[in-house]
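Thanks for coming. Please have a look at the sequence and the model first.

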Amino acid sequence: MEREKADDLLDLVIKMGIMLIQSGAETYRVEQTLYYVLKAFDATDISAYVAGTLLIVSFKPAKSARVLTSSWRVKNKGNNLEKVRSLNNLSYKLSQHNLTLEDFAKELDAIDQVKPYPLSLFIFGGAMIAFGFALMFNRPFNEGCLIALMSVPVMLLYRFLSKQINDFFINSVCSALGTILVIMGLRHGYLHNFAYSLASVLMALMPGALFTNGLRDLTMGDLTAGSNKLTETFLVGVALALGAVFMLLIFNMRAYFIGAN
C-alpha cells in the first residue's frame, strides 16, 4: 500500500473508532470493528486498544514493514445506537472486500452526518419510561400520566444543558427540577408517594446502556473499560441523589420522603 493511502487509512480508522466510542459502543465492539476494517485492507500486526476515552491504533500496511500508530482522546460521549449499527454494517461490507478506500471514506462521512435522535422522540421516550415505571410501582393510571408529563421538562432541561456543562451537574440540576415537580404534585394532592414518583420521573436519566456495557466489558476481560463505565454509572446515581436531597432540604420535605404512602 502506498504511503499516502496508508496514512489515509489510519485517519479513517481513527475517525471510525471515535464515532463508535462517542455513540456508546462497547469496548470490545470498537476494537473488533477496527480490527476487521484493517484486515479488509490486508493490514498486518493489527492492534486496536480502547480504555475509556483513549483510542490507540497501530498496524503494518499491506506489503510494508513500517508500523503506523495513532492515539486519540475521545470527548463528548453519548448514545446513538443507529450510528453504531451503521458503522457495524460498514465494517461488514469492508470485510467482504466490496469497498475501496475512497468508498470507505464517503460512507464514513455519510454516517457521520446522521443526527442524534430528534427532540420529540427523546422527550416521548423519557415520558414513556416514567409512565412505565409508575405503573410498575403500582401507582394509579392518572398518577402515571402526571408523572409522564413531569418528565417532559426534565428531559428538555437535560437536552438543553447537554452541551453546556458536564454530566454530573446536568444530572444534579435535572434531579432537582424533577424533585420540585414531584413536591408540587404532593402538596396539591395529585401524587401520594414521593419515592416512587421521583424514581419514575428520573429513571430515564439512569444510564442503563452504560451500565450494561460496563458489565459486558468486564465479562469480556476489559477490566479497565468496564470499571470506568460502572464508576461513571455510580456517579450518575450520586448526582441524581444529591439533586433530590438538596431540594428536600430546601423545601423541608423529609417527612414526605419517609412517610408518604
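Helices here are DSSP runs of H or I with at least four residues, strands are runs of E with at least two, and both are numbered from the N terminus.

A word on the source: this is a predicted model, in which local features need pLDDT of at least 70 and side-chain atom pairs count only at pLDDT 80 or more, while totals for chains, interfaces and linings use all residues. Residues are numbered from 1 along each chain as its sequence is written, and side-chain values use heavy atoms, with hydrogens and water left out.

Now the overall dimensions. The C-alpha trace spans about 75 × 30 × 30 Å along its principal axes. Of the 261 residues, 43% count as buried, meaning under 20% relative accessible area; exposed means over 50%, and partly exposed is in between, with a 1.4 Å probe and protein chains only. The protein exposes about 14100 Å², and carbon and sulfur atoms supply 61% of that area. Accessible areas come from the Shrake-Rupley method with a 1.4 Å probe, and for residues only the protein chains shown count as cover.

Next, the two patches. Patches are made of residues with over 30% relative accessible area and no salt bridge; like charges are joined within 9 Å, and nonpolar side chains (Val, Leu, Ile, Met, Phe, Trp, Tyr) within 5 Å. A salt bridge is a side-chain nitrogen of Lys or Arg within 4 Å of a carboxyl oxygen of Asp or Glu.

Which element gives the most to the negative patch? Helix 1 does, with 4 residues. Asp11, which is found in helix 1, is in this patch together with Glu2, Glu4, Asp7, Asp8, Glu102 and Asp103. For charges, Asp and Glu count as negative and Lys and Arg as positive; His and the chain ends are not counted. Each charge is placed at CG of Asp, CD of Glu, NZ of Lys or CZ of Arg.

The nonpolar patch covers about 640 Å², and its members include Ile165, Val173 and Phe234. Helix 7 (167–187) and helix 10 (223–251) each supply at least two of its residues. Phe234 lies in helix 10 and is exposed, with a relative accessible area of 56%.

Last, a backbone detail. Asp42, in the loop between helix 2 and strand 1, has a positive phi near 65°. Asp45, in strand 1, has a positive phi near 50°.
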